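Grab the structure and follow along step by step.

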Amino acid sequence: MKLNIKNTFTENLPADTITENSRRQVFDSCFSYVNPKSTAKPEMLHVSPEMLNEIGLDHEDSKGEDFLNVFTGNKILKNTKPYAMCYGGHQFGHWAGQLGDGRAINLTEVEHNNNRWVLQLKGAGETPYSRSADGLAVLRSSIREYLCSEAMHHLGVPTTRALSLALTGDQVLRDVMYDGNPAYEKGAVVCRVSPSFLRFGNYEIFASRQDVETLKTLVDFTIHQHFPSLGKPSKETYIKFFKEVAKRTLNMIIHWQRVGFVHGVMNTDNMSILGLTIDYGPYGWLEGFDFGWTPNTTDREHKRYRFGNQPNMGLWNLYQLANALYPLIEEAAPLETILNQYKTDFDKESLKMMRSKLGLQKEEALDKLLIQDLEDVLHVSETDMTIFFRCLSEFDEHESDKWFHIVKEAFYTLEEITGDIKKQWQEWFSRYANRLQVESISNQERKHFMNGVNPKYVLRNYMAQLAIDAANKNDFTMIDELFQLLKKPYDEQPKYQKWFAKRPDWARHKIGCSMLSCSS
């Protein structure tokens, strides 16, 4: 197995001088060297052919003993030294101090076709940052991460990727709902892949400790490696760096809102400096359109990370990053300008995104009101977001008798859509029909355009749970079925039509389908 190994992170940044793998505070260091934990009986369950090619390997490589052992933590690649990163973070609005890679171990970096990738095992054992945890992962959460990161990529959402999913052969104790009822589950490891796993928290930890020297070293490294077009490090470059991170963060969240994805735990340690979706824990897709929905049991009371609040949380997290970078800039005004621009840009980009979901290519003054009124009526009764927008592409402004019919499959309780509610819908459809007459494209062209923006298939929680339930019975076929389905989320795919369906009633309140914990 030949990989083009690079070690830029470890060669250019300060390492923890203590080599013992013990839980502790790590100072003046960006990472600690640590080896993955050997597993009892590793078994490779699935490998992404696309990511295999991206790192310079092929199908035959993935079938070898070396591949199995390296990507389950049982063998260290030659000329590499695995490591865990040091970072801090704000969790649910409160500074949590040092966090770090508690169950993630970076194996190495590889370069292929002028792209550089970090290979990271999630669930590969304890690190100095594990605190009281075991550093392991279970099959349940690993399936969700593996499928979702690849699904998000094919949806066009910026994201980290996944190379492989494997069983470890070990049993791992987990309290799924934090209710004092732990149980043993199958252990698993996912190999995550990204140009970088640096987070806002990597910079916050040094600022919080007034360690400006290490902060500067890390920021300079980040700019040199990932933002070289910004120029050599300087005060002006640091400002441009923050502006670019804000822009990428906004772009990522706009995509989340477009497809109805809810991250569930937007702490600053879960925010990628590259604007990638990172750390798939208690995530979910909207079933019923609901700005107030969160998939995270830990967030059930305050709903800080609810769907409608994700743009605000992106801004709040950027404020924390701005505070972390301030010691290098020592001027608040340019940072405040960028943060204010985020608010302006979000309003503009959100409107643009919603226009695209409705197939509107021209800009009209009343579009914002049309969209707001649609969002209001979507909230009146439980309406499936994915199905509604996908079916809306069939809308014909000249066939008023069919308007309601084309979207009726999106309603969870169709019998509720009577009287005033149905009148609200008819009034909105009428306004939408009038608005479409301003457009110059044909209905067929609009349908094609809308179907490229509104996915037909997303990884609904109940779908992932079905794959998990089957896998727990040693049936791994559904993992591959969903993997193949989600590679083409905008295509009709008639053979997978069964997955274009509302959440079934049995899944409404089932653990893993409606609400998830941070251990998910």
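**Exercise 1.** Which residues does histidine 226 touch, not counting residues up to four places away in sequence?

*Solution.* Before starting, note that this is a predicted model, where local features need pLDDT of at least 70, side-chain atom pairs count only at pLDDT 80 or more, and totals for chains, interfaces and linings use all residues. Residues are numbered from 1 along each chain as its sequence is written, and side-chain values use heavy atoms, with hydrogens and water left out.

Step 1: look for contacts, meaning heavy atoms within 4.5 Å. Histidine 226 touches Pro195, Ser196, Arg248 and Leu274, leaving aside residues up to four places away in sequence.

**Exercise 2.** Work out how strands β5 and β6 pair.

*Solution.* Step 1: locate β5 at residues 88-91 and β6 at residues 94-98.
Step 1: pairing takes at least two bridges found by DSSP; these strands have 3, in the antiparallel sense.
Step 2: histidine 90 stands opposite tryptophan 95 in β6.
Step 3: the hairpin has 2 residues between the strands, and phenylalanine 92 takes a positive phi near 50°.

**Exercise 3.** Describe helix α5 and what comes just after it.

*Solution.* Step 1: α5 (residues 139-155) has 17 residues and reaches 24 Å from its first C-alpha to its last.
Step 1: of those 17 residues, 15 are buried, that is, under 20% relative accessible area with a 1.4 Å probe, protein chains only.
Step 2: just after α5, glycine 156 takes a positive phi of about 90°.

Key
Helix = DSSP H or I, 4+ residues; strand = E, 2+ residues; numbered from the N terminus. Expected span 1.5 Å × (residues − 1). Buried < 20%, exposed > 50% of the residue type's maximum accessible area, 1.4 Å probe, protein only.
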